[in-house]
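Please look over the sequence and the structure below. The briefing that follows goes through them by topic.

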Amino acid sequence: MTGMPWREGLSLALIGAGALFFLAGSIGVLRLPDLLSRLHALTKADNLGLGLVVGGLMLQASGVQEVLKLLLVWLLVLFASSVACYLVARSVTASIAGSATYSGARASDDSPVRPAPAGEPAAGGDGGR
Amino acid sequence: MSLALLYGLAGIALVAMGLYAALAARHVLRRLLGLNVLGSGVFMMLVALASRTTDIATRPDPVPHAMVLTGIVVAVSATALGLALLRRMHAHDGSPWLPEDRDDDSP
Amino acid sequence: MAAEVQVFDAVLVVLLLWLGWRALASADLFKAVVQFIVFGLLLSLAWVRLGAPDVALAEAAIGAGLAGALLLDTLARLGRSGAADEARPLGLTPARTGIALAALGLAALLVAAALTLPERWPGLAEPALQQLPASGVSNPVTATLLNYRAWDTLLEIGVLMLAVLGVWILEAEPALPRLAPDPMLGLLLRVLLPLTVIVAGYLLWVGAHAPGGAFQGAALLAAGGVLWHLARPLSLGPSLVLRAIVVLGFAVFLAVGVATAVLGGGLLSFPREHAGAIILVIEAAAMLSIALIMVALFVGRVRAPSETGAAEAEAAPAASNPGAAP
């Protein structure tokens with residue numbers, strides 16, 4: 001837009017901060033000990049990082065329509081990734097509790113998730129309909 | 001180096017990787033991944049060639065773009081059929097490798 | 001978009017090549033598939049850098065999204081035994097060395113050819129853009145797909161139909177064990193599905209004058225359908241309505257082709273004043289068909305629970321009787 005230097009500087013600062021949050025989330029995924037804490041770090045850091053990046057982009061947007069589209073993008077990603085995080089966590093805790101089995105579930109070396117032995121039918125699999 | 005040349009060379013590298021995996025891998029899913037990467041390499045070559053017009057921001061060559069769009073859709077439908085055949089073969093034979101690749105230590 | 005190579009491009013290319021190799025060479029197939037999905041998403045960025053936003057939309061939705069979902073679903077169905085692979089799946093054995101040399105030879109030939117090509121080449125941009133006012137739309141890619149090369153697009157929809165036909169011919173599979181349906185997933189669907197329908201319709205409409213179009217809209221609808229199936233399994237049995245929708249896109253396209261061949265100036269050559277409307281009708285029918293076909297490709301043919309008892313008897317491990325016909 002018109003050359004207001006503070007607007008561009010603020011936009012760059014926000015995008016930079018967002019990138020730092022993404023980096024923090026990725027470091028969390030690599031360094032944290034188990035699946036649930038990694039999930040927590042990744043989801044929170046990435047959502048906040050995306051919010052900051054979107055905020056920075058809004059300052060550079062070319063009109064109200066673009067600002068609203070960017071806001072919609074962020075809200076949708078927030079919503080979808082939160083639900084996805086919840087679903088992954090639910091399947092992990094269900095596996096630990098042994099109430100369900102997933103064929104092909106893979107446990108990483110240091111994860112507390114121990115998939116049930118393959119071949120056992122899912123007792124509570126389709127219940128609750 | 002122009003944008004077209006950089007991505008064109010990248011596309012050629014992907015073609016080589018995908019071709020090797022499609023022919024040399026033994027697990028059929030890996031072969032399908034190889035075919036997909038091979039396809040992506042070809043698409044990258046096409047779009048890189050299309051970007052050699054004078055102003056790619058407003059006037060790139062649209063015909064290779066249309067070909068790549070068609071290619072993406074055809075690739076995913078071929079992958080879907082291939083995966084269905086893989087599941088059928090695994091259910092029938094118990095192995096995800098093709099019969100001619102199986103030896104004593106196949107899964 | 002600058003047309004000059006930037007540091008971003010170099011980083012993107014390195015990442016793409018590294019991810020592509022890891023997707024092919026990772027011993028753990030789950031990791032390989034995840035890397036392939038990320039590869040597809042980064043590839044969309046490459047398309048944007050090369051000035052191809054329509055292709056970027058399609059790649060993100062179809063190439064990364066739908067293909068990734070298909071691969072993960074198959075991996076889950078293969079189970080622990082089916083997903084296992086050798087420790088160095090692309091390691092060089094004497095047999096594979098020949099293939100590696102052939103691939104490298106092909107790459108060398110292509111590089112040599114690429115280096116002889118001129119750096120600037122107008123291609124078909126000028127004729128395509130000159131004919132744009134007569135094509136009925138103002139997005140050159142849509143004009144190419146649905147007017148200049150409409151024949152290719154008709155056959156492409158035919159290919160999609162053949163693929164789903166192939167999947168339906170195969171034996172039905174037992175359903176995957178699932179956790180009980182979750183209220184959160186239901187909430188996600190209640191919010192996302194109406195939005196998906198609106199955005200897909202928007203993409204269909206805007207494709208006439210901006211990046212978008214029938215395929216991108218169909219991919220979005222298909223994603224919604226896949227989400228629905230994951231929350232509450234759809235049984236896409238061979239009903240008449242289902243078959244009608246699957247055939248609809250191809251049928252409408254073919255009908256328009258026959259009409260133009262008989263009444264007008266030749267197969268699929270649209271009269272200038274009606275071209276826009278014709279393209280919209282074809283795209284709308286095609287979007288519905290393609291979306292349903294993509295969902296059907298994902299859902300496959302799942303054995304209904306009532307058949308499971310009889311089917312389990314005949315689906316005994318075929319290792320013990322490999323000659324048993326299903």
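**Briefing on the predicted model**

The buried residues of α7(C) are covered by, among others, α3 (62-93) of chain B and, from chain C, α3, α5, α6 (132-135), α8 and α12 (275-299). This is a predicted model, and its scores are ipTM 0.94 and pTM 0.87.

**Helix α7 of chain C**

- α7(C) is mostly covered, as nine of its nine residues are buried.
- The buried residues of α7(C) include Pro140(C), Val141(C), Thr142(C), Ala143(C) and Thr144(C).
- Leu145(C), Leu146(C), Asn147(C) and Tyr148(C) of α7(C) are also buried.

**Ser135 of chain C**

- Helix α6 of chain C holds Ser135(C).
- Ser135(C) counts as buried because 22 other C-beta atoms lie within 10 Å, and the cut-off for a buried residue is 20 or more.
- Once neighbours within four places in sequence are set aside, Ser135(C) has contacts with Ala143(C), Asn147(C) and Ala275(C).
- From Ser135(C) to Leu43(C) the separation is 92 residues in sequence and 30 Å in space, C-alpha to C-alpha.

**Contact between chains C and B**

- Chain C gives 84 residues to this contact, and chain B gives 70 residues.
- On the side of chain C that touches chain B, the elements giving two or more residues are α1 (7-25), α2 (29-49), α3 (53-82), α4 (94-116), α5 (125-130), α7 (140-148) and α8 (150-169) of chain C.
- α3(C) supplies the largest share of that side, with 15 residues.
- Sorted by class, the side of chain C that touches chain B holds 58 nonpolar, eleven polar and 15 charged residues.

**Domains of chain C**

- Chain C has two parts in the domain assignment, domain 1 (7-113) and domain 2 (125-305).
- The centres of domain 1 of chain C and domain 2 of chain C, taken over C-alpha atoms, are separated by 26 Å.
- Between the two, 13 residues of domain 1 of chain C are in contact with 16 residues of domain 2 of chain C.
- The side of domain 1 of chain C that touches domain 2 of chain C has nine nonpolar residues, one polar residue and three charged residues.

**Chain A**

- Chain A has three helices and zero strands, and from the N terminus on its elements run α-α-α.
- Of the 129 residues in chain A, 13% are buried.
- Among the contacts in chain A with a separation of 6 or more, 51% join residues 24 or more positions apart.
- Helix α2 (residues 35-59) of chain A has 25 residues.
- From its first C-alpha to its last, α2(A) reaches 36 Å, close to the 36 Å expected at 1.5 Å a residue.
- The buried residues of α2(A) are Leu35(A), Ala45(A), Asp46(A), Gly49(A), Leu52(A), Val53(A), Val54(A) and Gly56(A).

**Confidence in chain C**

- Chain C has a mean pLDDT of 86, and 91% of its residues reach 70 or more.
- Across residues 307-326 of chain C the pLDDT is below 50.
- Beyond near neighbours in sequence, the stretch 307-326 of chain C has 15 contacts in the model.
- Where pLDDT is low, predicted coordinates should not be read in detail.

Key:
Residues are numbered from 1 along each chain as its sequence is written. Chains are lettered from A and ligands numbered from 1 in the order in which they are written. This is a predicted model: local features need pLDDT of at least 70, side-chain atom pairs count only at pLDDT 80 or more; totals for chains, interfaces and linings use all residues. Two residues are in contact if their C-beta atoms, placed from the backbone, lie within 7 Å. Helices (H or I, at least four residues) and strands (E, at least two) are DSSP runs, numbered from the N terminus. Ala, Val, Leu, Ile, Met, Phe, Trp, Tyr, Cys and Pro count as nonpolar, Asp, Glu, Lys and Arg as charged, and the others, Gly among them, as polar. Domain bounds come from an automatic or database domain assignment. The expected span of a helix is 1.5 Å times one less than its number of residues. A residue is buried if 20 or more other C-beta atoms lie within 10 Å of its own, exposed if 12 or fewer, and partly exposed in between; C-beta atoms are placed from the backbone. pLDDT is the predictor's confidence in each residue, from 0 to 100.
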